[in-house]
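Here are my notes from going through this model, point by point. Have the structure open while you read.

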Amino acid sequence: MKTNKKLTGIYAGTFDPITHGHMDIIKRSFKLVDLLIIGVANNINKNPLFLINERIKMIENDINLNFKNKSKIHVKKVNGLLTDFAHKNKADCIIRGLRAVSDFEYEFQMTGMNYQLNPSIETIFLMSSEKNSFISSKFIKEVYELGGNVSKFVSKNTLKNLNKIR
């Protein structure tokens, strides 16, 4: 049954820094919704390498390079609870990327909590593609800080930003 309702999805994370794995989930999410909001958050349990405005600029740069219809993607700062952000932005769903079984337990618990906070917003899980299943921002930062080459895991723009802080 087709409806005229436009679907809005939110893909949120810290994106510190944004990786090819994140971009893979963004590209695949873009096919599922009419409007995709990339929510950039400060996670109180993480020590970010980049300020939130720097992360937003990196994401916007990658979006501009990878999408023709950029008007269907918005990048916004998340303040507070994701469910409140989703409600404020009239989102129908929250999109979460899963790399491995180890991600599932955390994501399952978060989905349960989000449902209790706002049962009208569904969560959609997308599995990472095989080539991106091991990429995480944490690993990118560790490898980079130890002098390793991360150029095949992040965009040229993100690498340029990493090089600025070295």
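1. Asn157 first. Keep in mind throughout that this is a predicted model. Asn157 is part of helix α6, which covers residues 156–165. With a relative accessibility of 14%, Asn157 falls under the 20% cut-off, so it counts as buried. Once residues up to four places away in sequence are set aside, Asn157 touches Met58, Asn61 and Asp62.

2. Next, helix α1. How many of the 11 residues of α1 are buried? The count is 8, so the helix, residues 20–30, is mostly covered. The buried ones are Gly21, His22, Met23, Asp24, Ile25, Ile26, Ser29 and Phe30. As a reminder on helix geometry, an α-helix has 3.6 residues a turn, so residues three or four places apart point the same way.

3. The two ends of α1 each have something to look at. At the start of the helix, Thr19 puts a side-chain oxygen within 3.1 Å of the backbone nitrogen of Gly21. Phe30, one of the buried residues of α1, has the charged end of Lys72 sitting over its ring, 4.7 Å from the ring centre.

4. Is Phe15 buried or exposed? Its relative accessibility is 2%, so Phe15 counts as buried. Pro17 is in the loop between β1 and α1 as well, and the peptide bond leading from Asp16 to Pro17 is cis, with omega near -5°.

5. There is another positive phi to look at, at Lys90. The value is about 55°, and Lys90 is not a glycine either. Lys90 is located in the loop between α3 and β4. Its relative accessible area is 67%, which is over the 50% cut-off, so Lys90 is exposed.

6. On to the aromatics. The model has 5 aromatic pairs. In one of them, Phe104 and Phe125, the ring centres are 6.1 Å apart and the planes meet at 55°, so the pair is tilted. The pair links distant parts of the chain, 21 residues apart: Phe104 belongs to helix α4 (residues 101–117) and Phe125 to strand β5 (residues 122–127). Phe104, Phe108 and Phe125 make up one aromatic cluster.

7. The largest share comes from α4, with 7 residues.

8. Asn132 is in the loop between β5 and α5, and a relative accessible area of 6% makes it buried. Apart from residues up to four places away in sequence, Asn132 touches His20, Gly21, Asp24 and Arg99.

9. Last, Val150. This residue is in the loop between α5 and α6 and counts as buried, at 2% relative accessibility. Leaving out neighbours within four places in sequence, Val150 is in contact with Ile140, Val143, Tyr144, Leu159 and Leu162.

How values were computed. Residues numbered from 1 in each chain as written. Predicted model: local features only at pLDDT ≥ 70, side-chain atom pairs only at ≥ 80, totals over all residues. Heavy atoms only, no water. Helix = DSSP H or I, 4+ residues; strand = E, 2+ residues; numbered from the N terminus. Buried < 20%, exposed > 50% of the residue type's maximum accessible area, 1.4 Å probe, protein only. Contact = heavy atoms within 4.5 Å. Polar contact = N/O pair within 3.5 Å; in protein donor to acceptor, adjacent residues only side chain to side chain. Phe/Tyr/Trp six-rings, centres within 6.5 Å; stacked < 30°, edge-to-face > 60°. Lys NZ or Arg CZ within 6 Å of the ring centre and 35° of its normal.
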